[in-house]
Structures are given as structure tokens and as C-alpha cells.
Amino acid sequence: MSLASAVVAPRLEFRNLTVDFGATRALNAITASIQPGEIVGLLGHNGAGKTTLFNVVAGANPATSGTFLLGYEEISQKITPREIASKGVTVLYQDPALTGNLSVLDNLYLAQLAPFSRPDRAQAAAALERVGSDLDLDQLVDTLSLGERQLVALARGLLGKDMKVLLLDEPTAALGLKETEALHSLIRKFAKEGVAVVYVSHRLPDILQVCQRIIILSAGEIVADGPVTDYDARKLARALAPGLLEVERSELVLGQALLSVKHAGTPLSFREGEVVGLFGMAGGEQFAILERLFGLKGKYSTVLSGLLLEVSNPLSAMKQGIHLVPADREKDGLISGMSAAENTFLPWYRTIAGRGWWVSRDTGNADYDSARERLNILGPTRASTIDQFSGGNRQKHLIARWMFVKRPKILLLAQPTQGVDVGAKADIVRAVRAMAAQGTIVIVASAESDEIASICDRSYILFHDHVRERTAAKGFDEQLLADLLDLAQPQPHSQPDLLQKN
Ligand SMILES: Nc1ncnc2c1ncn2[C@@H]1O[C@H](COP(=O)(O)OP(=O)(O)OP(=O)(O)O)[C@@H](O)[C@H]1O
């Protein structure tokens, strides 16, 4: 123990904190303390208990037993989210809870203890300045980018008080590279000022880059707690998923079917047997291409093996064997209140039920159990509502729905490994590659170069109308990023369609 930590009270301390949801023990006797200025990465597989721990500190979920302290103050079980916020605890989620049709100023004051007190413009502007933002206080939050909304949420944590504890729950999952870097330097700045930071992310490079210490949760218990210098990316992945196997790349055997899609006049081609990426900026055109192919943007026609392929809506796409795993999985497709198994089978009841409308319980159960095993879905039973699963395990259900219930002819994946743990990532990569090898055309759209590099054999890099193509080789990940940055530079003699082969 250093001299400093011997005399300074921890900013945040857990003492035997336990949380039960019915028969599920989400956290089991968590004991740990975090010092002022520390940046701690909190890692663990989907369902390990990370969000539950944050919810307890945020006052959103009382502990079943045990307690936590802020400095020397033991926090009551009955504390409300507003009261805990007034004590200097800020939680930043991937999509911050702000009210879109109110101004930045109103949002800054919404969560204050006296919510109807008159907003103080000078105080609000000062808080925004501390997060490095010069946003217009009267601008509607709906008009802000995700990165800007996160800054507003952070500024809210600085309004009229000192931020003491900052909890980050997958804050960079939907951010681009620049915004991620900006957020990371802000986190470092807060830590220098004495804030205790706990950072949850499945993006291991982010954790290794920013955190000084790593705590690993597994099934609600702390299984490792040590300095970041104990880990590199490989060690960390192994610590999180001890049974992790490397995904072997077998030789490409290209099949007959060839899908041809035009993007801004440039033909993009996809063949069965290989996994092809579409890589671009966050929210870029790569996702729109998938949506068009799935009929989400109205009638769309393209060419499959020389024949016209027409989709008019998602149902017609599904009938032709085109499946899409959407990027925004919480929004697109899971139905609250329905069971895990029902959610998995939802679009397929009619097609796999045969003559009746229902799937025989045995067939359904066996299919569900096999998908669950392949994706290592953890949580309650198949009959439990989907709401009782952790965020990552909910996502895995949607992946199971589109990948494992019926075999697709064309599989469209938008950021398929985002938000899932490292073990499930490897399982998804393996399953996707096996599908391609068995004759499915697979297209992966992502704004993450490492995701494309881990799954794809080849990728198109897209920036507006510009397209570049690259085949997987050593340093694929870095090369994709360099290509994208290059395309994003203003082009002196820019042509509308620029197809360069490496
Ligand atoms: N409202 C709820 N009702 C019942 N069980 C729940 C509820 N919320 C969470 N759980 C269970 O508590 C456990 C911990 O879930 P938690 O959301 O904290 O995990 P997590 O580590 O944040 O996972 P992820 O990485 O998937 O977000 C899981 O087994 C989950 O199924």
C-alpha cells in the first residue's frame, strides 16, 4: 500500500455487497475500494454483474445486503438517483439519459436536487467549459451528436458540485475514433483532479489504454484485481474467457454465388465462401448498404449470380434467405415481456411451424438450447422474460435469432461483436466463418477496424462516395484505419468513384 492510499479514504468502497434478483445472485459479497484519481477497468463476461454494481452506486437498485461508502460516508439503501448525483457520483452510459426535446441548459438542471430551481447560465457554461465544450445552451438536445450528448451528461455531473466518482458503462461503444480519444483524455483529466473512475467496456484496447488497474468479475464475484501492467491484450482475453481458443483460418474456397451491389456507382462484390467487410465511420454508409439489402429502405434490386434479386421489405428479404443482425440491438427487435425463447423464434414461427402456428415444444427447446450453448448465453431459463437477462445476453438472443434458427443465404451483420464478451466474440467469429465456408454470403458492416480484421477475409473501406478494397494480411487492422483516414482527407483531384486495389 502506498503512503497516499494509507492516509486518504477511498473515494468508493464496497463492503460485502450482495444483490439478488429472485433466485439469481447477481453480486456476491463484493469487497473493494477505489482511491481518488484511480481509473479502474471493470471487466467480466455478459451477465457477470457489472451493470448491477453500477446501478447500486447510482441509487437505481438497492443492495440485498452489504453496503458501500463514498469517502467515510456509508450510503443508505434508500438513497435516490438524484441524491446520489448531488453527492458527486456521475454515471455515463453508452446513450446518456437526456431529454431530447429540451435544451442543453434545461437538461443540465433536470437531475439536480431542486429540479425547478432557476437554471444559472453562467454556472452551466462553466460546467460545459470544464468538459471542453462550447455548445449553445439553448440548442435542443435532439440536434446533438452522441459524443456531444455525452459531454452534456458529464457537464451535468460537474454542475454546482465536485465530481467525486465517475462510472462509465460502455461509453465508447457507438463513438467514432476521434470522439473516443477526446473522451479518454477527459477521463484522464478528471482522474488527475482526484475523481475515482470505474470504466466498463468490452473493448479491451480501450481498457488497456486508459486504466491503471483492472478488476474482473465473474458470476457476481471478483476473480482478479491487479495493475494493468499485469496484462496485455492476449492475457486479458484469456483471463476473461479461460477456455478461449484461437479462431483458425482455413483456406478460402470460393463458391458460385456472387452478389453484386453498387455503391455510388462502384460495384462491390460478395461471394459465398468468404466473409467481406464494409468498413467506415461511425454511422457511415456501410450500415445503409445493409439496410437497403434487407429492404428497410423500400424496394431495392441488385444482382445475385447474374439474376435479378429484388427485395421490397424485410419480409420479402427474409423469404429469400436474407437475414440482418442490426447494430442497435436494444432498439431493433427484442420484445420486452416475452420470453427468451419466444424472442429468439419470433420472426420464424410461421415458417418453421409447418402447418400449425406454433413450434413443437421439443423442437423449439432443442434449437434454443443449441443456440444458447453456441453463444454461451448466461442468465435465467428460456422461459424467463428477455428483460431478466443482462444487456450482452439480450444481444446474444438477437444474434441467435438471425444466425442459428434458420440458415441464411445472405447474412448481413452490423457490428456483430459489439457489446458481447470476449468468449462470445470468438464464438460469433467461428460461427460466421463456418457459415461462409458452408455457402452463405456474409457481409459485415462495422466502424471498428479490429472487428472487421477479426472476422473478414477482405473489406471495402467506404467514405462517402469513395471506396477502397483491401484483402486481409498482416496488419490488416491498422491498414483499414490508415485507408479510412486517407479517404477522409480532402482529395485534391477527387473523382466520384475511386476504386483502388491494394
Ligand atoms: N431485472 C432483472 N431481473 C432478473 N435478473 C436480472 C435483472 N437484471 C439483471 N439480472 C441478472 O443479473 C445478472 C447480472 O447482470 P448484469 O446486467 O449486471 O450483467 P453485466 O455484467 O452488466 O452484463 P453485460 O455485459 O451483458 O451488460 C445476470 O445473471 C442477469 O440475468
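What classes of residue make up the shell around the ligand?

1. By class, this shell has 13 polar, 5 nonpolar and 1 charged residues. Here Ala, Val, Leu, Ile, Met, Phe, Trp, Tyr, Cys and Pro count as nonpolar, Asp, Glu, Lys and Arg as charged, and the others, Gly among them, as polar.

2. A word on the basis: this is a predicted model, in which local features need pLDDT of at least 70 and side-chain atom pairs count only at pLDDT 80 or more, while totals for chains, interfaces and linings use all residues. Residues are numbered from 1 along each chain as its sequence is written, and side-chain values use heavy atoms, with hydrogens and water left out.

3. Now the neighbours. Thr51, Thr52, Gln388, Ser390 and Gly392 come nearest among the 19 residues around the ligand (near: a heavy atom within 4 Å).

4. Next, the polar contacts (a pair of N or O atoms within 3.5 Å). A polar backbone atom of Gln388 is 2.7 Å from an oxygen atom of the ligand. Ligand oxygen also lies 3.0 Å from a polar side-chain atom of Asn46 and 3.1 Å from a side-chain N or O atom of His202. The protein covers 83% of the 640 Å² of accessible area that the ligand has on its own (Shrake-Rupley method, 1.4 Å probe).

5. Finally, the domains, whose bounds come from an automatic or database assignment. Domain 1 (12-240) and domain 2 (256-486) each give at least three residues to the shell around the ligand. Their C-alpha centres lie 31 Å apart, and 17 residues of domain 1 are in contact with 16 residues of domain 2 (heavy atoms within 4.5 Å).

Note on methods: Polar contact = N/O pair within 3.5 Å; in protein donor to acceptor, adjacent residues only side chain to side chain.
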